[in-house]
There are 4 protein chains.
Amino acid sequence: MIIVMHADAGRSDLDRVVARVEELGLRPHVIVGTERTVVAVVGDERGAVSSGLETLPGVASVLPILAPYKVASREVQSEPTVIRAGSLQVGGPAIGVIAGPCSVESLEQIVGTARAVKAAGATALRGGAFKPRTSPYSFQGMKEKGLELLAAARAETGLAVVTEVVAPEDVTLVARYADVLQVGARNMQNYRLLEAVGRTQVPVLLKRGPAATVEELLLAAEYILDAGNRRVMLCERGIRTFETHTRFTLPLATVPWLHARTHLPVVVDPSHGTGHANLVESMAAASVAAGADGLIVEVHPDPKTASSDGGQTLDFAAFGRMMEVCRRVAAAVDRTIG
Amino acid sequence: MIIVMHADAGRSDLDRVVARVEELGLRPHVIVGTERTVVAVVGDERGAVSSGLETLPGVASVLPILAPYKVASREVQSEPTVIRAGSLQVGGPAIGVIAGPCSVESLEQIVGTARAVKAAGATALRGGAFKPRTSPYSFQGMKEKGLELLAAARAETGLAVVTEVVAPEDVTLVARYADVLQVGARNMQNYRLLEAVGRTQVPVLLKRGPAATVEELLLAAEYILDAGNRRVMLCERGIRTFETHTRFTLPLATVPWLHARTHLPVVVDPSHGTGHANLVESMAAASVAAGADGLIVEVHPDPKTASSDGGQTLDFAAFGRMMEVCRRVAAAVDRTIG
Amino acid sequence: MIIVMHADAGRSDLDRVVARVEELGLRPHVIVGTERTVVAVVGDERGAVSSGLETLPGVASVLPILAPYKVASREVQSEPTVIRAGSLQVGGPAIGVIAGPCSVESLEQIVGTARAVKAAGATALRGGAFKPRTSPYSFQGMKEKGLELLAAARAETGLAVVTEVVAPEDVTLVARYADVLQVGARNMQNYRLLEAVGRTQVPVLLKRGPAATVEELLLAAEYILDAGNRRVMLCERGIRTFETHTRFTLPLATVPWLHARTHLPVVVDPSHGTGHANLVESMAAASVAAGADGLIVEVHPDPKTASSDGGQTLDFAAFGRMMEVCRRVAAAVDRTIG
Amino acid sequence: MIIVMHADAGRSDLDRVVARVEELGLRPHVIVGTERTVVAVVGDERGAVSSGLETLPGVASVLPILAPYKVASREVQSEPTVIRAGSLQVGGPAIGVIAGPCSVESLEQIVGTARAVKAAGATALRGGAFKPRTSPYSFQGMKEKGLELLAAARAETGLAVVTEVVAPEDVTLVARYADVLQVGARNMQNYRLLEAVGRTQVPVLLKRGPAATVEELLLAAEYILDAGNRRVMLCERGIRTFETHTRFTLPLATVPWLHARTHLPVVVDPSHGTGHANLVESMAAASVAAGADGLIVEVHPDPKTASSDGGQTLDFAAFGRMMEVCRRVAAAVDRTIG
C-alpha cells in the first residue's frame, strides 16, 4: 500500500507512520517528493486494511495496491473455472442458459415452462420457491412445495434446477432439490448464508447486489470459496443508478473486467437488469457479445398473470426469438449456446 | 393506481385492461384524453403491485398511488412513536446518543469507552460483537464474549447496549444481552432476520441499505412491525453514489421526509455516513438541525489502533467537542441532547 | 397528467385544484377512490409542467403522462431517420464507425490514423481540435490549426470529419471544416450551443451528459430539432454511477429504449463508456448486438504518447481486431459494418 | 504519482515505464514489493495526468497524489476568502442569505419579494432573467427586461442582485446589472463561460453540476481563478443519485470537506437540493449547522403560480420561519445570519 502524507506533515508524523507500519509486520519505504512525502509499504497488506493508518496525524490518504480477494483471482488460477451441474455447463465455450419463471406457481406452469424453454435451447430451469420480497404483503413463494414441483419438472425434462436459497437454515433442504443454489442480490453480503452454501459442494450462482462494487462481489465469492466450495458463478444483474427508465442499469463492462481478474464464470441476467420484457432480447444478445458465460432469463407461459416480475418476463415465443438471436451472436464470437 | 395506455392502443387493448382490473377485484375508471386514454383504478391496489398489468398489450405504464407501507405510516398512527430502552430514549424531545466502538475488543476498551461517552452525554453504548465484514480475511468480531463485555460495561455505567445481530439463529442469544438489536445496512432486506427480530419485543435499530430507497426502508420496517414488534427506529447511514471523497453520501433530507410519512423515530449515523472522523462533528450537528431523533457515532479510546473503521472513529476528546456543538444546536431547534 | 390528493385532503383543497386545472386550459376529471381522490387531467399537459400544481394544499403528487419531447418522438415520425454526411451513414442497415484520436496532434498523426482506420473499415474520422478539459492546466487542443489538419486527412482519405464544437461563436468556423458537429457530454445542456448548431444544416452528434436522463437527452435533441436541424444522432457514452472500475458505466439498454421512442439514430462510445482500452472491443461488440446504429471509438498510432485519453485509446492493431469482431456480430443481427 | 505494475510485469516493462517518467521530466523511484513492483514518481505530476502512462504494458494502475487544483487550495492561501458584493457578504462569520424567485416575472413580483425577503433577513436577492430550461417548450426567462426589474428591486431595497449568466456573449450585459454572476449547474463545465466570468472582477457563484465530483467543482473554480477573478463562491445544490423522493440528493458533508481544502466560501441551495418546499427549512438549518457560509433559497409571493420551480419555492411566511430557525442555529455554531 502507499501512504500519502499531508504537505505540512512533520518529521514526527512520518516517524509515527513508519513505526506503525513496522508494527504491522510490513516494510516501509520513505520517498521524499517535491511537494509530498509518501511511504510505500512492502509486504502482504491485506491484513492491514482496517489498521487505522489513515487516522494517524499527517496522513492524507492510504492507497491499497493488492486486490483484496485471493482465491477468486486469476493470479491464483489462470484457467477459467468450468462448472457443470446436470444439464448446465457454464465457463467453457458453450454458454449456459437458465430460463423459467420468477416464481414456481403450479405443476402445470413449471413443467410447461421447462418443456418450452428446453425446446428453445435452455440448458437449465430457474424458478423461485423461496421468494425474498420487498413488501411483506407480496407473495412469498410456495416454499418446499415449489421445490418439489421443480424436481418434477427436472424429472420430466432433464433440465438442471437453479433456485434461490434465502437463509442458512434452508440450505440443506434446498440443496436436496436444486442443482444450483442461487444467492440473490439482497443476500450478496449475508455472510452466514455465503458460509452455509460454501460448506456444500453444490454449485452456487451468486448475484451482484445493486449497490455492490465488483470488488465486493469478488469478496462475497471469496467467502464461499474460502469455506471450501469452489463452484461459484458470478451473476451481473444490474446496479442502482439515477436511471429510472430501466429497473436497474445493466453494466456489461463488468463481464470483460471480471474475466480479466477472476477465473470464475460470469452469468448475466437481462430480465432484472432491464425490468422490461421488450429490452431483454437486445440485452441478452449484448451480453453474449460482451463475453458472458451464461444467461438467466425470466420466462412464463403468460407473463401478465405471473405472480411476480411480470413486466420483465418473456413468453415462450419471445424467448424463442431471443434464443435465435443469441445463437447467431454466440457463433459470431466463437461460442455456442443452447 | 393509474394505467396509462399507449397513444396507439386500440379498443380491444382497453377492454382487456378493464377486464383484468376487474379480475383483481378493483374498479376501473376509463378517461379518454386528447392524446392518451388512462384507466384510473379504484380500490386497495397494494395486492395488485405485481399483477403484470404493465405487460398487457397497449399499456404504456402503470403508476401506483398508495404508499406500499401501512403500519409504519402516519396515516395509521399520527403521533410519533417514542422508544425507551433502558437509558436510551428516542422519538421524544430528547435526542438519544448511541456511542462506542465499531467492534468490542476488550473489557478495558469497552468499559473505558462507556465511561467516557457517558460523561460526554451519550445515552447508550454501541459496540459490535458479531461483525459482518466485506472480506472473509477481516476480523469478524468477538461474538458471545463481546456480548458479555458489553453487559459488563452496562453494569458499570448504566448505559443501554445497542449491538448488531446478523442472523435469525443469533437473535435469542443477542437479545439476552442487548437493549436494542441493530439490523445492519447489509441485512436491511434479510427478511428472515427482520421476521426474527419482529417476533421479539426488543427495540430494533434498522439501518438503511446503501442502495435502498426510503420506501424500501419503510417496507423493511413493515416486516418487523407486521411480525408484532412495534419498537422500530429507522437509521439513515448514507447511500452509495458516485461520490468518492466520502465513504457514503449522507442525504439528510431523509429525516424530514420520513417524519412526514412515518411515526417511527429517525436516527442518523454520521460516522458511516461520511467515513472520515474530521467530517463527523459537522454532520452530527447538521443531523440534529435536520430533526434527527438520535445519533449513532463511532468512538474509540485510540482510533488508530481500532480493529475496524478506525478512519471514521472519534477519540474521546473529539466526541466531547461534537456533543458540545450538538447540545447547542439541539437547543436552537427546541430539543435536548445528552 | 394525474394529480393525486393526500388521504386527508378536504373538499376545499379539491375545489382549488380543479379551479387551477381549468385556469390552465385543461379538463379535470375527479375520481373518488377508496383511500384517495385523484384528478385525471385531460388535454396537452406539456405547457403545465411547471405550473406549481404540486404546491397546492392537499396535493400529494403530480404524475405526468405524456412524454415531454415531441419532434424527436416516434409518434411524430415512425420511420427511422437516416443521416448521411459524406462517407458516413448512420441510421440504416449499415452501422457507421467513427474512429480517430481524442485530440488532433499533428498532420502525420491525423493522416496516419485516418488511413489506418479507413483500412480497417471506419467510415468517418474523429479528432478533437477544440478540447473541453476538466483542468485549466491540461492541453486544450490545436483549435483552428487542428481543423485544418482534419480537412487535410479528409482530402487524403475521403473520410467524413466528426469534430467537437464547444461554443456558439465557433459554430460557423467548425462547420466550415466538419461533416458532423459533435456536441460533447459537458455541453448537452448548453442551450445556446444547441440552438446554434440547430440553425445549421450540418449533422449533429449529441452526446448524453453523464448525469442526464434519457428524457433529458431527447429534450436536448428537441432544442436542435426545434431550431430547424433534423439531422441529429444521439450518442450514449456512459453515465456516472458508484462504479469506479470503469470511467463511466455504459448502460446499453439505452439503445433499444431509445429506438422504441425516437426515430433518431443511436451511436455508442465504448471508449469513454469504459475508460479502459482492454474493455473497448467487448463493449463495441455488445453495442452492435444491442442494436447501435453507429460506434465512435478512440484510436491513436501510439496511445501511450497521446496528449489526452491515452488509457482508453486503441492502437491500430487493436482497432482492427475490434472491427473484425464487430463485423461478425453485425452480420449476426442482420446489419453490416465498415 | 504512484505507478503500480502488474504482478507478472517483466523487467522490460519496468524499464519502459521508468524511461517514460524521465521523458516527462519527473523522477522515478522503483520499489520492489513482495507481490508487486511500484514506481513512485517525484515532481509536479499535474502536467502528466493525461500522459498515457496507464496504457504502457505491465502497468496495472496509476494513482495521482497531488490534488489537481492549485489556486483554489488551502495550501496556496490558508485564510478563508471573504467576498463582499454590495449588501452581501459571504465567507466571514456572517452567513449570507440570497433569496428570491426562480424567475423574474414582473416588477411587482420582484420588488415585493425583495422587500419581503429583506424584512426576513436576506442579504441579497436572487432572480433568473436568462433561464436554462430542460425543455425548449418551457418559459425561457424575461432576459434583459428581467435584469432591469432586478436593478429596480435593488434600487428599492438596497439588496445586492444575484442572477445567472448562461453564455459568454451575455457576460457584459449581465454584469451591468448584477452584483454576483451565477454560473448554473448545467454550465459548471462550460469553460468558455468560466473564462468569460473569470475576466471580469464581478463575484461569481459557481454551482456544482449534479454529476460533478468535488474535485471537478474545484477545477471549474480554478478556470475562473486562473483567468484573474479571485472572487468565487462555490455552491452545493445537490447531486443526482438513485433517490427519487427528492429532486436531487443534498450531500452536506461537501461543506466541511471543501472548507478543509479550499479557502473559497461555500453556499448551499436547499431549494434545488431537495425539490420540495416542505423540506427546505430543515435542510437550510442543517446547512448552517454543517458550516455553510451562505444559503440561496427560492422564495415567491405565490409559489403555486410561479412560472418555474413552484414545487420547491417558499412563500414569504415559510421563508420567515426558515430564517428564524436558521438564526438560532447560526448562533449555536457561533455565526450570525441576516
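What rotation, and what shift along its axis, superposes chain A on chain C? The rotation is 180° with 0.0 Å of shift along its axis, and the RMSD is 0.1 Å; the copies are superposed by least squares on the C-alpha atoms of residues with pLDDT of at least 70 in both. That is the relation of a two-fold axis. In chain A, the C-alpha of Ala286(A) is the one nearest the axis, 2.1 Å from it.

This is a predicted model, in which local features need pLDDT of at least 70 and side-chain atom pairs count only at pLDDT 80 or more, whereas totals for chains, interfaces and linings use all residues. Residues are numbered from 1 along each chain as its sequence is written, while chains are lettered from A and ligands numbered from 1 in the order in which they are written.

**View 1. The two domains of chain A.**
The domain assignment, which is an automatic or database one, divides chain A into domain 1 (2–63) and domain 2 (83–337). Between the C-alpha centres of domain 1 and domain 2 of chain A there is a separation of 44 Å.

**View 2. Strand β10 of chain A and its two neighbours.**
Helices (H or I, at least four residues) and strands (E, at least two) are DSSP runs, numbered from the N terminus, and two strands pair if DSSP finds at least two bridges between them. Strand β10(A), residues 180–183, pairs in the parallel sense with strand β9(A), residues 160–164, over three bridges, and Val180(A) of β10(A) is the bridge partner of Val162(A). β10(A) also pairs in the parallel sense with strand β11(A), residues 204–207, again over three bridges, and here Leu181(A) stands opposite Val204(A). In a regular strand the side chains alternate between the two faces of the sheet. In β10(A) both faces are covered, with Val180(A) and Gln182(A) buried on one side and Leu181(A) and Val183(A) buried on the other; a residue is buried if 20 or more other C-beta atoms lie within 10 Å of its own, exposed if 12 or fewer, and partly exposed in between, with C-beta atoms placed from the backbone.

**View 3. Helix α5 of chain C and what covers it.**
Helix α5(C), residues 191–198, is mostly covered, since seven of its eight residues are buried. The buried residues are Tyr191(C), Arg192(C), Leu193(C), Leu194(C), Ala196(C), Val197(C) and Gly198(C). Among the elements that cover them are α4 (171–177), β10 (180–183), β11 (204–207) and α6 (214–226) of chain C.

**View 4. Where chain A meets chain C.**
In this view 35 residues of chain A are in contact with 35 residues of chain C, two residues being in contact if their C-beta atoms, placed from the backbone, lie within 7 Å. On the side of chain A that touches chain C, the elements that give two or more residues are α7 (254–261), α9 (277–290) and α10 (316–332) of chain A, and the largest share, nine residues, comes from α9(A). By class, this side of chain A has 24 nonpolar, nine polar and two charged residues, where Ala, Val, Leu, Ile, Met, Phe, Trp, Tyr, Cys and Pro count as nonpolar, Asp, Glu, Lys and Arg as charged, and the others, Gly among them, as polar. Because 100% of the interface residues of chain A are also interface residues in chain C, the copies meet through the same surface.

**View 5. Where chain D meets chain C.**
The contact takes 43 residues from chain D and 43 residues from chain C. Helices α5 (191–198) and α6 (214–226) of chain D each supply at least two residues of the side that touches chain C, and α6(D) gives the largest share, five residues. By class, this side of chain D has 17 nonpolar, 15 polar and 11 charged residues.
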